[in-house]
Amino acid sequence: MAILDIRNLTIEINTSQGRVKAVERVNLTLTEGEIQGLVGESGSGKSLVAKAILGIKKDGWVVRADRMRLGDIDLLTLTPSERRRLMANDIAMIFQEPSSHLDPTQEIAEQIEEAIPSNTFEGGFWQRFQWRKKRAITLLHKVGIKDPISVLRSYPHELSEGVCQKIMIAMAIAKKPRLLIADEPTTAMESTTQIQILKLLHKLNKVNNTSILFISHDIESVSNLSDTLTVMYCGQTVESGTRDQVINHPRHPYTNALLQAVPDFESNLKHKSHLYALPGSIPPLQHLPIGCRLGPRCPNAQKTCVQKPHSTRLKGHMFNCHFPLSIEDEASS
Amino acid sequence: MLIYILRRLNVFVITLFLLSVVAFLLQRQVITDFVNTGNIFSDYQRYILAMLSGNFGTSLASGNPVLSDILAIFPATLELCVMAFIVSILVGIPCGVFAGLSRGGTVDYGIMTVTLMGVSVPAFWFAMLLMMFFSLHLGWFPVSGRIGLLYDIPVITGFNLIDTLLSTKPYKYEAFFDSLLHLALPTLVLATIPTTEVIRQVRASISEEMDKNYIKAAQAKGLNTFQIIKRHGLRNALPPVIPSLGLQFGRVLTTAMITETVFSWPGIGPWMVNSIYLEDHSAIQGGMLFIAAFVLLANMATDLLHLMIDPLKRNELYGKS
């Protein structure tokens with residue numbers, strides 16, 4: 001059963017240059033207990049999608065969707081306060097830029113304890129007194145903080161970005177959510193802890209059956225963890241499918257470019273050989289190309305690409321391209 | 001922390017020194033019977049030693065030492081100022097928060113319009129209007145003075161509200177209520193300036209803080225708007241406002257002099273004005289130094305208070321930001 005089902009999510013932002021479509025017709029489906037990777041360059045609207053799911057809006061954002069459901073609840077019809085209550089129970093998010101998402105004037109202890117819902121309490125009433133503190137310490141241990149006591153007594157500005165990120169993760173997993181949205185959860189960490197955190201998320205997924213939407217710019221690290229993958233470019237979904245489909249048989253030139261851009265150190269890379277990259281850069285929101293937004297950078301672009309491509313569905317593998325890769329090869333072979 | 005306090009004290013001492021030099025030069029110019037030896041440095045030395053030992057000279061008008069006159073009168077002014085600040089905080093913070101949350105909305109425009117009116121109204125005129133309407137027309141409040149003539153309250157602290165409660169007279173609660181009534185109008189007049197300032201600062205501060213990321217994170221935790229404002233919004237928005245309250249103290253004291261004169265409040269305002277009329281130079285000079293020192297002290301106290309409750313400010317002391 002789908003825990004998260006989003007159809008045609010469009011987010012428009014009012015800027016001084018007029019209204020821009022930062023996210024255009026994004027589809028996302030997460031089944032229960034699944035880890036889905038959401039991959040794209042920075043600025044491709046991944047975090048916007050996450051915030052739209054949570055219902056956190058800034059002034060001047062217009063969020064529209066044809067369908068937006070969490071389990072059997074329609075998110076579009078909820079009032080803001082009902083939505084908050086839902087978020088308190090079912091959804092948790094690990095934010096990007098962790099230190100700015102912690103209250104600068106509050107000690108870490110209070111902030112973590114605030115994130116521990118009282119319905120997760122187990123044990124006798126006489127244990128209630130110290131329970132939150134103990135739980136906070138266990139949570140910090142879980143995310144790999146070595147001296148939780150002194151961290152609990154610190155203010156966010158006294159801690160490094162990596163530690164703040166771990167605290168964000170601890171707060172997110174405190175309520176054992178049904179859906180965890182992890183927005184670049186391992187960026188500010190050393191690689192050994194990165195693996196610890198990924199393992200922790202994996203364990204959370206297996207033990208509590210938490211669905212995870214894993215947002216990252218790094219297709220390689222996401223592909224190790226996730227069951228399904230969605231690739232975004234410039235506010236549009238370009239391709240989605242199971243890990244095998246997307247990684248081994250990419251249909252969209254952008255996915256292909258992402259995969260090629262991962263240097264493969266095992267094959268004998270020639271000395272001083274060029275690493276692969278798409279020409280050009282991601283366009284700013286004010287100058288979005290019409291039709292397929294990859295158009296100007298796409299190696300296979302043709303005249304028809306100025307029209308927005310229809311999404312094609314092939315055994316659960318969805319891609320938006322006029323000229324998908326290796327369709328003819330496989331058809332002929 | 002200790003170094004910061006010492007640094008603040010240093011500024012305090014230097015400012016006082018400069019003030020005393022100005023006061024000294026004024027006195028040298030004006031008063032001819034000042035024992036003038038011709039050597040400006042030894043004169044200043046004698047002058048400052050006298051000041052430090054609390055000898056501000058003798059008032060020509062009353063014949064008492066200036067300092068004892070000031071100490072007898074100043075509590076009345078202080079009582080008025082403290083009440084004005086309490087009112088401005090009680091009114092200003094909620095209004096500022098409402099305006100800041102509905103920035104650009106009707107509530108915001110309403111509050112800001114009233115605030116602008118409060119800033120631009122001259123204190124003496126506002127005082128007279130209030131007096132005419134509430135005291136003369138409606139008769140709700142007394143016209144002037146600190147307390148009704150019927151009550152005889154011995155002076156203990158100099159603050160009427162406290163003295164009435166401390167006294168053992170049988171009518172002490174009536175006296176307390178009466179002095180509250182006397183306080184109402186002057187407090188209202190005096191509170192307008194700090195209130196408008198608090199509203200504007202809190203409004204700017206809270207609407208800035210509510211846009212920050214940690215508020216988004218708090219929303220994602222599932223807290224409701226009231227909890228977010230209580231636990232995170234105010235906590236971050238209020239401390240930066242504290243030092244500006246201290247800066248307001250000087251302005252409030254100046255306005256207090258006008259207000260006191262209008263309401264015949266026996267504070268330092270009428271006393272200073274009177275001394276000026278009588279050309280009582282040692283009283284003017286002493287009063288000036290005393291008020292200046294008090295304002296500086298209040299500034300320093302609010303700065304230290306800010307430092308104590310705002311961890312981010314403490315961090316700045318160590319050269320980080």
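In the predicted model, B:Leu296 is classed as buried because 20 other C-beta atoms lie within 10 Å, and a residue counts as buried at 20 or more. B:Leu296 belongs to helix 12 of chain B, which covers residues 281–309. When neighbours within four places in sequence are set aside, the residues in contact with B:Leu296 are B:Phe12, B:Thr15 and B:Leu16. B:Ala123 lies 173 residues from B:Leu296 along the chain, and the C-alpha atoms of the two are 23 Å apart.

In chain A, strand 8 spans residues 179–183 and is mostly covered, with 5 of its 5 residues buried. The side facing one way carries A:Leu179, A:Ile181 and A:Asp183, while A:Leu180 and A:Ala182 point the other way. Residues on both sides of strand 8 of chain A are buried.

Strand 8 of chain A pairs with two strands, strand 7 and strand 9. Strand 7 of chain A, residues 91–94, runs parallel to strand 8 and is joined to it by 4 bridges. Within this pairing, A:Ile94 has A:Ala182 of strand 8 of chain A as its bridge partner.

Technical notes: Residues numbered from 1 in each chain as written. Chains lettered and ligands numbered in written order. Predicted model: local features only at pLDDT ≥ 70, side-chain atom pairs only at ≥ 80, totals over all residues. Buried ≥ 20, exposed ≤ 12 C-beta atoms within 10 Å, placed from the backbone. Contact = placed C-beta atoms within 7 Å. Pairing = 2+ DSSP bridges.
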